[in-house]
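Student: Please take a close look at one part of this structure. Start in a loop and then lead me on to the strands and the core.

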Amino acid sequence: MKNSFLISFAWLVLFSACGQNTPKQTQAQKQQDLMSCGKPLDNQTNVANMEFSVKKSEEEWKKSLTEEQYRVLRLKGTERSFTGKLYKHKEKGVYTCAACGNELFKSDTKFESGTGWPSYFDVIPKSVVTSTDMSHGMVRTEVMCAKCGGHLGHVFDDGPNPTGMRYCINSVSMDFKKEEGKKTEEDKKKEEK
Ligand code: FE
């Protein structure tokens, strides 16, 4: 009984993925945001016939990615909230696509959304493409890497100024490239040992 409750809870957390609202909202705002989260954004790219410059067979992707990276990037999965390596990450640098190295987000556009996934209010120009995603009974705007087509996450129009956008991105879909001369948290931990 306890196990089935835990499994149900885990699925609930998983499928509320990235569609989750930020905290400190009234019930009415939450209702409204749930609806606005469902509104596809304008300027969608038709990715059905799009040719990506980085192309690999599914077997090649399986070899070059970890199992979890493959599940999220190639099979459009979602990592569990509050578990990713980058959602609390605060260093200066650039977030890149874990599959192909494409530069996606600058650290100065990252903000704390309270959703448990890395969130950004802007994207590096032309680094991503978007598409309408109708999966899981929701209508959302999917964000993909413009070079390899890897699934990154979703974008919503309830973000902070100056853009009002919230790019809700899976940690596992990204790597981090620190700004030249800056030490990463891992470097500092190594020095402390
Ligand atoms: Fe990529």
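Tutor: K76 counts as partly exposed, because it has 16 C-beta neighbours inside 10 Å. Here is the scale: a residue is buried with 20 or more other C-beta atoms within 10 Å of its own, exposed with 12 or fewer, and partly exposed in between, with C-beta atoms placed from the backbone. Residues are numbered from 1 along each chain as its sequence is written. This is a predicted model, in which local features need pLDDT of at least 70, side-chain atom pairs count only at pLDDT 80 or more, and totals for chains, interfaces and linings use all residues.

Stay with K76. It sits in the loop between α4 (67-74) and β1 (93-97). Helices (H or I, at least four residues) and strands (E, at least two) are DSSP runs, numbered from the N terminus. K76 is not a glycine, yet its phi is positive, about 60 degrees. F82 lies in the loop between α4 and β1 too. Its phi is also positive, near 65 degrees, and F82 is not a glycine either. F82 counts as exposed because it has 11 C-beta neighbours inside 10 Å. Why notice such angles? Most residues other than glycine have a negative phi, and most peptide bonds are trans. The peptide bond between N161 and P162 is cis, with omega about 5 degrees. P162 belongs to another loop, between β7 (151-156) and β8 (166-169).

T96 is buried, because 20 C-beta neighbours fall inside 10 Å. Leaving out residues up to four places away in sequence, T96 touches G101, N102, E103, L104, M174, D175 and K177. Contact here means C-beta atoms, placed from the backbone, within 7 Å. F176 is 80 residues from T96 in sequence, but their C-alpha atoms are 5.9 Å apart.

Take E103 from that list of contacts. E103 is in strand β2. With 15 other C-beta atoms within 10 Å, E103 is partly exposed. Beyond four places in sequence, E103 touches V94, T96, I124 and S127. E103 and D175 are 72 residues apart along the chain, and 9.4 Å separates their C-alpha atoms.

The largest nonpolar core has 29 residues, and L104, V128, C145, Y167, I169 and M174 have the most contacts inside it. Such a core is a set of buried Ala, Val, Leu, Ile, Met, Phe, Trp, Tyr and Cys residues joined through C-beta atoms within 7 Å. Two or more core residues come from each of α4, β1, β2 (103-106), β6, β7, β8 and β9 (174-178). In soluble globular proteins, nonpolar side chains tend to be buried together. C145 touches C97, A99, C100, N102, V128, G150 and L152, neighbours within four places aside.

Last, the sheet. Six strands form an open, antiparallel sheet in the order β3-β4-β8-β7-β6-β5. Its edge strands, β3 (110-111) and β5 (128-133), each pair on one side only. Two strands pair if DSSP finds at least two bridges between them. β5 pairs with β6 (residues 140-145) over 6 bridges, antiparallel. T132 has T141 in β6 as its bridge partner.

Step back to the whole chain. It holds 5 helices and 9 strands. Buried residues make up 31% of its 193 residues. Of the contacts with a separation of 6 or more, 62% join residues 24 or more positions apart.

Terms used:
Two residues are in contact if their C-beta atoms, placed from the backbone, lie within 7 Å.
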